[in-house]
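Okay, thanks for coming, everyone. Let me put the structure up, and then I'll walk you through a couple of spots in it.

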Amino acid sequence: MANEKPLVLDVDGTFLKTDMLFECFWAGLGKAPFQTLQACLQNFGDRARLKQELAQIAGLRTELLPVNAEVNDLAKVAASHGCDIILASASDEQLVRKLAEEHEFSAEVIASDGVTNMKGAAKADALVTRYGEKGFHYAGNEAADIPIWEKADGAIVVGQPKIAETLQQAGHNVTEVENSVSLKDIYRTMRPHQWVKNILMVLPLIAAHQFDLQSWLLVLLGMVAFSAAASSIYLVNDLLDLEADRLHVKKCKRPFAAGLVPIKYGMLGFVVLAGIALGVGAALGPAFLGVILLYVALSLAYSMRLKRMRWIDIAVLATLYTLRVVAGAAATGVEASGYMLLFILPIFLTLGCVKRLTELTLATGDERLPGRGYGRKDRSDLINVGSLGIVGALLLFFFYSISDHALSLYPIQWLLWLALVPIAIWLIRMLVLGYQGKQDYDPIVFALTDKIGLGILFFTLSLMFYAAGLWQRWFQVWAG
């Protein structure tokens, strides 16, 4: 590039490791969902106008967008040789200008203006008109850029080895830049470590002392459906939370936020996973399908709006945890005891407070959490609400222990009262660890990997099994 011809950089997928149209759509969906959807419906056939309207709705923070480091390094080398660095993009002009200013590139940009969609042949014509044929170098990343590379003096091809080879065979000067998407990162977007939370679906079977193989196979199938449903929502949540995640000390490394996986992959993944969840849900019966639909609808509402509302977000989290228990009952046909649901709901309210306490303790500043309604000054209130949840759970468990239903299942009543002690220890310990920031960001995932906590839970379960006479019956079956 010593000939000082300008280096023209495509933006989406080339200079940036993301696409600003999709970024604007998801940012707009989080801030003004109805206005965003209206803009998409009204301008679906007019891409230039659609991009302009979504850019105005989204208020995208372009300085947070992930940059392709290798392309950026090539731009710096070109600039050191006296080349102008020009951004040319099909994205909206106002965003491209902001990006050029933030990275100290040339103020002259070529971009969509609400009338012309600056892509493919339209971009090639604009560049030839401005710089002449062979009067510029061009970096791009898709087949739509071929007409531009054919008019350029040098071609930088990002993540398209076959196109690079074709251009080389045609006699073009080509520089290749790798930009592959790893299966590991795609897998991470589904947050498979969160699937462990679906173990909550076995609670109705344990509470009903039902241990036959068929019921456990049905609940296992239900776990598959709920895992797919949960992962589909995690994809949507991450796409709605792109800006907040990029401002977070740890979440900035999530695949979509870091630009490791394209946003369109997440959109496709949502459709596929939701389809799996609904298909398996339908196979398990209308009751289970109804729970899945309610879970997906409430989760979407949580991702789009409710998680930003103080206290309501914790109540919704508790409800989502509880729905897993209800789903376990629906999958197997086991009746979910009203006492059990009343007992676990305040526990999940406490765990929702633990989740927020952990986030606040691990935060680097005193300002409100990005995309949330809490700041560090709220920790005392969260402790109080969490403590009320503990007291409520213990009281409900005690009232259950003296009910006719409990006496029919647990003849040794005093062991149920003894079980209150480890339950209280476990809940208080979770609350304290959250306040100290010694947990994962999800308390259920932490609880299922915490050896001390698991020991306490297994001790509690052993007391309840002994109170029910299950240990004695199992021993007699084994001995006989």
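This is a predicted model: local features need pLDDT of at least 70, side-chain atom pairs count only at pLDDT 80 or more; totals for chains, interfaces and linings use all residues.

Residues are numbered from 1 along each chain as its sequence is written, and side-chain values use heavy atoms, with hydrogens and water left out.

Back to the pair. H19 is residues 413–435, H21 is residues 451–468, and they pack at about 165 degrees with axes 9 Å apart. H19 and H21 are therefore roughly antiparallel, a label for angles over 145 degrees. Who's touching, with heavy atoms within 4.5 Å? On H19, the residues include Leu 415, Trp 426 and Arg 429, and on H21, Phe 459 and Tyr 466 are among them.

Now the strands, which are DSSP E runs of at least two residues. How much of S2 is buried? Eight of the eight residues in S2, which spans 85–92, are buried, that is, under 20% relative accessible area with a 1.4 Å probe, protein chains only.

S2 runs parallel to S1, residues 7–9, with three bridges joining them; pairing takes at least two DSSP bridges. Leu 9 sits opposite Leu 87 of S2 there. S2 also pairs in the parallel sense with S3, residues 110–112, over three bridges, and Ser 89 has Ala 111 in S3 as its bridge partner.

Technical notes
Axes are lines fitted to C-alpha atoms, for helices over the stretch in contact, and angles run from 0 to 180 degrees between N-to-C directions. Helices (H or I, at least four residues) and strands (E, at least two) are DSSP runs, numbered from the N terminus. Angles under 35 degrees count as roughly parallel, over 145 as roughly antiparallel, 65 to 115 as roughly perpendicular and the rest as oblique. Contact means heavy atoms within 4.5 Å. Buried means under 20% relative accessible area, exposed over 50%, partly exposed in between (1.4 Å probe, protein chains only).
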